[in-house]
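Thank you all for coming.

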Amino acid sequence: MPRPLQLRFTPPYELGIFDFLSARAVDGVEAATAHSYARTVALPGGHGWFKVWWQDNALWLEHQLADSADAPVLFERVRHLFNLDHEPQAADAVLARHPLLAPSVAAIPGIRVPGCVDAGEILIRAMVGQQITVAAARTMLNRLAVLGAPCYGAQGGMQRLFPDAAGIAAHGRDILRGPRRRIDAILGVAGLLADGSLALGPGDTLESLGRKLLPLPGIGPWTVGYVAMRVLGTPDIFLPGDAAVRNGYARLRGIPPAQARTLGAAGLTQLADAARPWRSQATMHLWRAAAQLP
């Protein structure tokens, strides 16, 4: 196994990204703590796994691949997942002038939006998580993970790859639970991903994602925005209909969550306008505040 590599980034690096990934980690595919994250991954030459951890004010990467030629692809995906090319000072300078967000920015500077290692996976995960809690989505994804192919040689409880779109399309109905229309939508998208009718990637824009995804059953603006944040790294996405965004607003305002709902999506959108062009980071601050609610 290659020696650990130190990853480059512009400080500060806010470690809450590990908590974000840990809360959503799929059993057998991912393993995460407050200071580390590991997962299996499918690459062009075969499967592999990697681990990123924080130590001595630095991020470190170790990995093992079936084909060493996949190393550049893996490094690119890891940098995207951990948003290592983000310039936190530029974002924080804007957000620190926002009257609602300023205390959060002062307390947790350098917040970053997590990326992803696979665009299709993020789309499936987003659809599974629509209109349910993070914990409920994780439970469903844990069940779905049994469809993943084995990943030999992985460590730390990782046993398999995240299931591919073809496997979900073929066998997901036996595992997924919930309204039939919602399951049909997930399986339909999995089928499109599997046969190549639907492809997402860094070459997309928010507009092209909308053209591809909004006509599909079960996909609305929230899903498009979330995918844009995680897949494209779009820095100026705001999700005013998101329950956690409303709850985070309530905590930062010091009001009951029910009172925050009266503001409505239009009011929240207007409030977030002052965070342009870094509304994705503003969304992360609101999500972080929501996670601290009792």
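How many cavities of 30 Å³ or more does the count come to? Please keep in mind that what you see is a predicted model, and that by the rule used here the count comes to one cavity of 30 Å³ or more. The space in this largest cavity is about 50 Å³, and two elements, α13 (264-272) and α14 (279-291), each give two or more residues to its lining.

Staying with α13 and α14 for a moment, I would point you to the loop between them, where proline 277 has its place. The peptide bond that runs from arginine 276 to proline 277 is cis, with omega near 0 degrees. A cis peptide bond is also found from proline 11 to proline 12, in this case with omega near 5 degrees, and proline 12 sits in the loop between β1 (5-7) and α1 (16-23).

Let me turn to backbone angles in two other loops. Aspartate 56, in the loop between β4 (46-55) and β5 (58-65), has a positive phi of about 55 degrees although it is not a glycine. Is aspartate 56 buried or exposed? With a relative accessible area of 66%, aspartate 56 is exposed. Glutamine 131, which is likewise not a glycine, has a positive phi of about 65 degrees; this residue is in the loop between α5 (119-129) and α6 (134-144), and at 85% relative accessibility glutamine 131 counts as exposed.

Finally, the interior. In soluble globular proteins, nonpolar side chains tend to be buried together. In this model the largest nonpolar core has 85 residues, and those with the most contacts inside it are Phe50, Val52, Phe82, Leu123, Val189 and Leu213. Apart from that core lies another one, of six residues, among them Ala38, Trp49, Cys151 and Met158.

Which residues does phenylalanine 82 touch, if we leave out those up to four places away in sequence? Phenylalanine 82 touches Tyr13, Ile17, Phe18, Leu21, Tyr37, Phe50, Val52 and Arg112, and of these Phe50 and Val52 are also listed among the residues with the most contacts inside the largest core.

Notes
Residues numbered from 1 in each chain as written. Predicted model: local features only at pLDDT ≥ 70, side-chain atom pairs only at ≥ 80, totals over all residues. Heavy atoms only, no water. 1 Å grid on protein atoms, 1.4 Å probe; cavity = no way out; pocket = protein on both sides within 12 Å on 5 of 7 lines; lining within 4 Å. Points joined across faces, edges and corners; volume = space filled by probe spheres on them. Helix = DSSP H or I, 4+ residues; strand = E, 2+ residues; numbered from the N terminus. Buried < 20%, exposed > 50% of the residue type's maximum accessible area, 1.4 Å probe, protein only. Core = buried A, V, L, I, M, F, W, Y, C linked by side-chain atoms within 4.5 Å. Contact = heavy atoms within 4.5 Å.
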